[in-house]
Amino acid sequence: MKDQYGRTVDYLRLSVTDLCSYRCQYCMPAEGVRKLRHEDILSVEECVEIAHAASRCGVTKVRITGGEPLVRRGILDICRGIAAIPEVRELCLTTNGALLPELAASLREAGVQRLNISLDTLRPERFRAMTRGGELNQAMDGIAAAERAGFSDLKLNTVLIGGFNDDELGDFLALTMEHPWELRFIELMPMGPCAHWDRGCFLPCRTVLERFPALEPIEARGVALRYRLPAAKGTVGLISPLSHTFCSQCRRIRVTSDGKLKGCLHSQEEIPLRGLHGQALEETIRRGILSKPQEHHLTERSSDTPRNMNQIGG
Ligand code: SAM
Ligand code: SF4
């Protein structure tokens, strides 16, 4: 269905947990998050029911996210349940990759069609520092496991952070010469722990084009402008929520792991969905779509949401 600004909304991002095996510095506080009570988190059945109701409102694509979705108990049942909804034509999942060696094949059997794997650095010591304890080789093993399981259209998400990984752009681009992956550079958004980081950390995606003029534009996909190096097997995607606001093309709604519908990642507005079923649930989702804000205000100030990214789902 369309929202009040005429945008078609057909994409649900569903957070299935706010917990994570990592504590990425820009995403989570160092001490982690207080574990919500089991009953405060959407159950497997509620996750599927919400996706079902959203599909009746026109949603055809669902991305499962978190926190780290692969630490969520019942993740395969959630995937199976959503994959079985006839209107859902695309089921994707975003992960830090650490548990893919165990889970990639089962995720594919459960109906997940595409994976995005986060990878902010190719240097083990930086990886450890940014994730506060993660191991780069786990993420790389996860990527290999995803390929073995048959996930062919892999996207790797790299948040561009000035002074942290901007000296690795060449190493990331080199990966696209060898592998048919899409390397996606994402602008760091000022929210949660990084809301007040030094301005120098917030690099515009055009930095990649300025440093690598050999990148040739190819067709855009969703909110990503896409490029390719000559003779490369893979592609480069640039996602610029700050410097190139794509709000006018936004097709998304989000549901947090405690069951709140958000029309925009950055707004304070949240509509509780828990306890609603059938027609009432569907009507509330329609109301959420209709009240989707026109745009965010990240160019003027930090995100208006009081939540960290792990609580909403990036
Ligand atoms: N744990 C999974 C992962 O890391 O892929 C899924 C959840 S994570 C919140 C989803 C994505 O949001 C990751 O690619 C992460 O890098 C990105 N992210 C988190 N905080 C961000 C921020 N402040 N600005 C831009 N991207 C952010
Ligand atoms: Fe965890 Fe993903 Fe946040 Fe990193 S970005 S702390 S992996 S939820």
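Trainee: In which sense do strand 2 and strand 3 pair, and over how many bridges?
Mentor: Parallel, over four bridges, with strand 2 at residues 61-65. Two strands count as paired if DSSP finds at least two bridges between them. Helices (H or I, at least four residues) and strands (E, at least two) are DSSP runs, numbered from the N terminus.

Trainee: Before I go on, what kind of model is this?
Mentor: It is a predicted model: local features need pLDDT of at least 70, side-chain atom pairs count only at pLDDT 80 or more, and totals for chains, interfaces and linings use all residues. Residues are numbered from 1 along each chain as its sequence is written, chains are lettered from A and ligands numbered from 1 in the order in which they are written, and side-chain values use heavy atoms, without hydrogens or water.

Trainee: Back to the strands. Which residue stands opposite Glu90 in strand 3?
Mentor: Lys61 does. To get from strand 2 to strand 3, the chain passes through helix 2, residues 75-83, and this β-α-β crossover is right-handed. Right-handed means that, with the strands pointing away from you, the path from the first strand over the helix to the second runs clockwise.

Trainee: And how many bridges join strand 3 to strand 4?
Mentor: Four, and these two strands run parallel, with strand 4 at residues 114-118. Look for Cys92, which stands opposite Arg114 in strand 4. Here the chain crosses through helix 3 (residues 100-109), in another β-α-β crossover that is right-handed.

Trainee: Is strand 3 mostly covered or open?
Mentor: Mostly covered. Five of its six residues are buried. Buried means under 20% relative accessible area, exposed means over 50%, and partly exposed is in between (1.4 Å probe, protein chains only).

Trainee: OK, zoom out. What is the order of the strands in the sheet?
Mentor: It goes 7-8-9-6-5-4-3-2-1-10-11-12, in an open sheet of twelve strands with mixed pairing. The edges are strand 7 and strand 12 (271-272), and each of them pairs on one side only.

Trainee: Which sense do strand 7 and strand 8 run in?
Mentor: Antiparallel, with four bridges joining strand 7 (residues 216-221) to strand 8 (residues 224-228). Pro217 has Tyr227 in strand 8 as its bridge partner. The two strands form a hairpin with two residues between them, and Gly222 there takes a positive phi near 60°.

Trainee: What does Tyr227 stand opposite in strand 9?
Mentor: Val236. Strand 8 and strand 9 (residues 235-239) pair over three bridges, in the antiparallel sense.

Trainee: Where is Ala231 found?
Mentor: In the loop between strand 8 and strand 9. Ala231 is not a glycine, yet its phi is positive, about 70°. It is exposed, with a relative accessible area of 75%. Arg132 also has a positive phi, near 55°, and is a residue other than glycine. Find Arg132 in the loop between helix 4 (124-131) and helix 5 (136-148). Arg132 is partly exposed, at 35% relative accessible area.

Trainee: New topic: ligands. Which residues come nearest to ligand 1?
Mentor: Of the 19 residues around ligand 1, they are Tyr26, Gly67, Glu68, Ser118 and Met189. A residue counts as near if one of its heavy atoms lies within 4 Å. Strand 3 (90-95) and strand 5 (155-160) each supply at least two residues of this shell.

Trainee: How far is an oxygen atom of ligand 1 from the side chain of Tyr26?
Mentor: It is 2.8 Å from an N or O atom there. Another contact puts an oxygen atom of ligand 1 at 3.2 Å from a polar backbone atom of Thr95. A nitrogen atom of the ligand lies 2.9 Å from a polar backbone atom of Met189. The protein buries 95% of the 540 Å² that ligand 1 exposes when taken alone. Those areas use the Shrake-Rupley method with a 1.4 Å probe.

Trainee: What surrounds ligand 2?
Mentor: Cys20, Tyr22, Arg23, Cys24, Cys27, Met28, Gly67 and Asn96. That shell divides into five nonpolar, two polar and one charged. Ala, Val, Leu, Ile, Met, Phe, Trp, Tyr, Cys and Pro count as nonpolar, Asp, Glu, Lys and Arg as charged, and the others, Gly among them, as polar.

Trainee: How far apart are Leu276 and Glu46?
Mentor: They are 230 residues apart in sequence, but 9.5 Å apart in space, C-alpha to C-alpha. Leu276 is in the loop between strand 12 and helix 8 (278-290).

Technical notes. A polar contact is a pair of N or O atoms within 3.5 Å; within protein, one must be able to donate a hydrogen and the other to accept it, and residues adjacent in sequence count only if both atoms are side-chain atoms.
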